[in-house]
Amino acid sequence: MKKIELHLHLEGAAPPAFIRSLAAEKGADLTGVFDARGSYAYDGFDGFLRCYEAATSVLRTPQDYARLLAEVLERSAEQGVIYTELFISPEFCGGADLSAWRDYLAAMTEIADKARADGIDSRAILTIIRHLGPDRAKKTAICAAETAGTWVTGFGMGGAEAVGRATDYAWSFDCARESGLGLTCHAGEWGGAGSIRDALSLGVTRIGHGVRAIEDPALVGELARSGVTLEVCPGSNVVLGLFQSWSAHPIARLADAGVRVTVSTDDPPFFHTTMRQEYNRLADAFGWGDTEIAQINRWAAEAAFCDQATRDRLL
Ligand code: ADE
Ligand code: ZN
């Protein structure tokens with residue numbers, strides 16, 4: 001079945017071999033980033049963030065990002081994905097400097113246009129990194145506002161949820177909203193219901209993860225009534241130890257309670273997953289089949305940060 005993915009970090013989708021070859025070209029030392037089998041090596045969420053940032057340090061030019069995007073879109077298309085939204089951090093693209101960011105965006109837009117002609121459509125969600133703090137976030141918000149309505153249609157926040165509160169970033173989210181961008185925020189992954197409520201107060205229509213809403217039945221009811229969509233990444237949650245197993249994951253309970261859930265891979269090579277694997281595991285754990293996949297795709301299309309003509313094509 002054709003699939004829609006709403007939550008894929010471009011840097012986090014970089015295959016280890018891609019990062020290794022870029023490191024070799026640049027003479028960069030990535031000691032400790034890979035294990036003996038060549039996979040990304042990390043322990044726990046903080047270790048994951050450090051490994052992610054070390055791997056990303058070899059992406060240094062617009063051309064590096066363009067090459068990465070081409071490879072990631074090709075892999076997504078192989079998984080049956082017809083539309084994907086990519087979290088991209090201008091922090092890694094020239095330090096969130098607007099003129100540098102425009103160069104990165106131009107290089108990636110060329111690739112995205114080519115891929116669209118080949119059957120996979122995409123949009124970018126510019127992403128602030130929570131643990132870098134609200135002041136650094138403002139620079140990214142300005143990049144987002146100044147390039148809104150191009151390939152860039154969304155604005156979000158990732159990074160360490162334990163640092164500060166989502167509301168500390170209200171200026172950046174307001175700036176993005178005023179420029180017409182769709183809003184999403186990682187919450188309810190390493191924080192509980194209070195963290196999700198903080199994110200909702202920013203006016204987001206989607207939550208990245210949001211799965212710990214299950215701890216608060218009143219919040220589950222509010223999510224169901226409001227139609228806020230969760231970008232659920234079950235494989236990421238299981239590998240990072242948020243839930244002990246696929247059958248313990250709350251995605252099916254959230255869906256049964258009427259919450260709009262979608263399925264994504266987050267950072268596929270880090271979590272040894274693919275979109276096909278996510279759906280296969282959901283089939284094994286919850287007996288989900290074509291009917292559930294079709295419902296998830298509908299919810300994803302309705303929540304996508306795209307124009308109505310694109311949405312109509314996806315529905
Ligand atoms: N950045 C990349 N993956 C992430 C995750 N799962 N949570 C927060 N920030 C991230
Ligand atoms: Zn994420």
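Two residues are taken to be in contact if their C-beta atoms, placed from the backbone, lie within 7 Å. With this in mind, the fold of the predicted model can be approached through its contacts. Among those in the protein chain that link residues at least 6 apart in sequence, 71% join residues at least 24 apart.

The overall dimensions come next. The C-alpha atoms of the protein chain occupy a box of roughly 50 × 45 × 40 Å along the principal axes. The secondary structure of the protein chain amounts to 13 helices and 8 strands.

The axes of helix α5 (residues 134-146) and helix α6 (residues 170-178) come within 9 Å and cross at roughly 0°. Since angles under 35 degrees count as roughly parallel, α5 is therefore roughly parallel to α6. On the α5 side, the contact is made by Ala 137, Lys 138, Ala 141, Ala 144 and Ala 145, while α6 contributes Trp 171, Ser 172, Cys 175 and Ala 176. By residue class, this contact comprises 7 nonpolar, 1 polar and 1 charged.

The model also holds a ligand. Ligand 1 is surrounded by His 9, Gly 12, Gly 158, Gly 159, His 186, Glu 189, Ser 236, Asp 266 and Asp 267. The shell around ligand 1 includes no nonpolar residues, its members being 6 polar and 3 charged.

Technical notes. Residues are numbered from 1 along each chain as its sequence is written. Chains are lettered from A and ligands numbered from 1 in the order in which they are written. This is a predicted model: local features need pLDDT of at least 70, side-chain atom pairs count only at pLDDT 80 or more; totals for chains, interfaces and linings use all residues. A residue is near a molecule or strand if its C-beta atom, placed from the backbone, lies within 6 Å of it. Ala, Val, Leu, Ile, Met, Phe, Trp, Tyr, Cys and Pro count as nonpolar, Asp, Glu, Lys and Arg as charged, and the others, Gly among them, as polar. Helices (H or I, at least four residues) and strands (E, at least two) are DSSP runs, numbered from the N terminus. Axes are lines fitted to C-alpha atoms, for helices over the stretch in contact, and angles run from 0 to 180 degrees between N-to-C directions. Angles under 35 degrees count as roughly parallel, over 145 as roughly antiparallel, 65 to 115 as roughly perpendicular and the rest as oblique.
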